Amino acid sequence: MYLQSLRGLSAFDSGLVLLPQAFASMVTMVIGGRLVDKIGVRAVVIPGLIIMAIAMWLYSSLDAYIPIGQFQWLLILRSCGIGLCMQPLMVSALVNIEPRRLAQASSTNTTLRFVCSSLAVAIMATLVQTQNKVHYAHLAERVTAISPLGQMIMGIQAMLMAKGASATAAYGYALQTVSGLLHRQSYILAMQDAFRLSFVLSVVAIVATFFVSGAKKKAAQATETENMSAEERAEAEKAREEAALAV
């Protein structure tokens with residue numbers, strides 16, 4: 001939305017700008033999955049959340065003139081944090097599940113994750129739309145005859161009238177131009193509010209991660225796996241593969 005609506009990029013160009021974050025998330029997801037077996041869940045997830053919180057805080061000062069390269073680096077930073085969080089949290093959620101119930105647990109976890117993601121997107125979109133109207137109203141209140149934008153309206157009107165336009169048409173065009181600038185600025189401010197909320201939620205997630213269990217029950221799971229039949233063992237292995245793919 002930012003790249004297409006405010007920066008004027010096409011869908012293809014916007015996809016190219018967003019592409020590096022996918023590679024960054026993929027690499028850090030693999031690294032995080034390997035580190036969690038060595039140093040535990042919290043030691044991987046907390047740094048990932050801190051990185052993501054830093055990216056969200058930097059995004060809270062986003063404007064319409066930030067260089068695309070800097071914008072991409074912020075995307076990569078945020079994706080690295082997400083990559084360090086995703087797979088370790090999945091491991092933490094499923095590590096204590098009995099192998100024979102792993103398929104059901106993985107399906108439930110995946111469903112909840114997709115539902116919560118969709119809900120979060122809807123909440124953020126609603127927040128941006130609501131704050132956009134609020135910020136536009138506040139910005140419009142500041143447009144007076146002596147304000148810079150008020151002077152701009154008068155200047156545009158005078159310029160158009162000098163070129164032969166009528167006073168009414170020139171004034172209407174000037175108002176439309178300034179209104180577009182206000183909509184652009186209010187949309188930026190609304191997106192900044194959304195990133196500030198994301199930053200706060202990231203801090204809350206950091207605190208919540210301290211209560212995530214990093215313990216593993218390898219011995220108990222190994223004993224149970226030995227007592228399982230070949231069919232149950234194959235089903236458990238398939239469930240593990242599905243869980244890995246779901247990440």
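The legends below describe close-up views of a predicted model. Local features need pLDDT of at least 70 and side-chain atom pairs count only at pLDDT 80 or more, while totals for chains, interfaces and linings use all residues. Residues are numbered from 1 along each chain as its sequence is written, and side-chain values use heavy atoms, leaving out hydrogens and water.

**View 1. The largest nonpolar core has 30 residues.** Such a core is a set of buried Ala, Val, Leu, Ile, Met, Phe, Trp, Tyr and Cys residues joined through side-chain atoms within 4.5 Å; buried means under 20% relative accessible area, exposed over 50%, partly exposed in between (1.4 Å probe, protein chains only). Tyr2, Tyr59, Leu62 and Phe71 have the most contacts inside this core. Two or more residues come from each of α1 (2-6), α2 (11-39), α3 (41-59), α4 (68-94) and α7 (167-209), helices being DSSP runs of H or I with at least four residues, numbered from the N terminus. The largest share, eight residues, belongs to α3.

**View 2. Tyr2 and Phe71 form a stacked aromatic pair.** Rings of Phe, Tyr and Trp (its six-membered ring) pair if their centres lie within 6.5 Å; planes under 30 degrees apart count as stacked, over 60 as edge-to-face and the rest as tilted. Here the separation is 5.2 Å centre to centre, with 25 degrees between the planes. Tyr2 lies in α1 and Phe71 in α4, so the pair ties together parts 69 residues apart in sequence. Both residues are buried.

**View 3. Trp57 and Phe199 form a tilted pair.** Their ring centres are 5.2 Å apart and their planes are at 50 degrees. Phe199 is partly exposed, at 25% relative accessible area.
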